[in-house]
Amino acid sequence: MKQLVLASLVLTLAGSALAQSAMEKSGINSLIGAAPKTQDFVQEAATSDLFEVQSSRLALEKGDAATKAFAQKMVQDHEKTTADLSGLVSSGKVKATLPKTMTTAQKDMLAKLNDLKGEDFGKQYRSDQQQAHEDAVDLFKRYSEGGENAELQAWAAKTLPALEHHLEMAKNLIK
């Protein structure tokens with residue numbers, strides 16, 4: 001009987017953790033302003049950085065002068081946030097697993113960018129950057145206001161102004 005109760009408790013807790021991830025993945029947490037779980041935050045922040053860096057490296061090859069200047073800043077800044085986040089995780093201050101690759105959606109966006117040239121590339125890259133930074137600002141704001149890990153919460157709060165600046169830069173590229 002004790003084993004059955006214990007198994008039920010474990011399944012309930014696991015289901016709750018999975019539901020939180022589903023809430024973050026579905027966008028419901030964002031709609032209601034709820035902070036993501038630490039693993040969800042790390043996952044989304046890290047894959048966002050991977051996309052930012054890889055798409056911006058592509059923009060350094062294919063973009064016009066303004067796009068290249070923006071892309072260089074994105075590579076520089078997002079490589080730094082990647083290093084900062086990796087340091088928090090590897091130090092043990094944040095208990096989470098860093099993803100090794102982008103999400104399928106991000107890989108698809110990068111593949112689409114890779115196939116484009118000229119102004120078509122520029123328009124898509126700028127649009128992708130604006131959307132990615134809107135998502136990042138929302139993610140970092142929610143975690144900085146209600147995250148469960150104090151070290152990561154402080155880092156999110158410290159990083160947020162740079163992401164807000166990136167968003168403004170991306171919006172200005174579109175004008």
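1. A word on helix length to begin: the expected span of a helix is 1.5 Å times one less than its number of residues. For the 26 residues of H4 that rule gives 38 Å, and the end C-alpha atoms of H4 lie 37 Å apart, which agrees. Helices here (H or I, at least four residues) and strands (E, at least two) are DSSP runs, numbered from the N terminus.

2. Some ground rules before going further. This is a predicted model, in which local features need pLDDT of at least 70, side-chain atom pairs count only at pLDDT 80 or more, and totals for chains, interfaces and linings use all residues. Residues are numbered from 1 along each chain as its sequence is written, and side-chain values use heavy atoms, with hydrogens and water left out.

3. On confidence: pLDDT is the predictor's confidence in each residue, from 0 to 100. The protein has a mean pLDDT of 87, with 82% of its residues at 70 or more. Please read residues 1-20 with care: their pLDDT is below 50, and beyond near neighbours in sequence this stretch has three contacts in the model (contact means heavy atoms within 4.5 Å).

4. The overall fold is quickly told. The protein has seven helices and zero strands, in the pattern α-α-α-α-α-α-α along the sequence. Of the contacts between residues at least 6 apart in sequence, 71% join residues at least 24 apart.

5. Now the inside and the surface. Of the 175 residues, 39% count as buried, where buried means under 20% relative accessible area, exposed over 50%, and partly exposed in between (1.4 Å probe, protein chains only). The protein exposes about 9,800 Å², and carbon and sulfur atoms supply 58% of it; these areas come from the Shrake-Rupley method with a 1.4 Å probe.

6. The largest nonpolar core has 20 residues. Such a core is a set of buried Ala, Val, Leu, Ile, Met, Phe, Trp, Tyr and Cys residues joined through side-chain atoms within 4.5 Å. Helices H3 (38-62), H4 (65-90), H6 (118-146) and H7 (150-174) each give two or more residues to this core, and the largest share, six residues, comes from H7. A second, separate core of 14 residues includes Leu58, Met74, Phe121 and Ala170.

7. Val42 is among the residues with the most contacts inside the largest core. Leaving aside neighbours within four places in sequence, Val42 touches residues including Leu85, Val94, Pro99 and Leu152.

8. Rings of Phe, Tyr and Trp (its six-membered ring) pair if their centres lie within 6.5 Å; planes under 30 degrees apart count as stacked, over 60 as edge-to-face and the rest as tilted. By this rule there are six aromatic pairs. The ring centres of Phe41 and Trp155 are 6.4 Å apart with planes at 80°, so this pair is edge-to-face. It joins Phe41 in helix H3 to Trp155 in helix H7, 114 residues apart. Phe41 is buried at 0% relative accessibility, and Trp155 is buried at 6%. Ring pairs link Phe41, Phe140, Tyr143 and Trp155 into a cluster.

9. Back to H4: its buried residues pack against H3, H6 and H7. Among them are Phe70, Met74, Leu85 and Val89, together with Asp77 and His78.

10. Finally, Lys123 sits in helix H6 and counts as exposed, at 53% relative accessibility. Its C-alpha atom is separated by 7.6 Å from that of Ile174, 51 residues apart along the chain.
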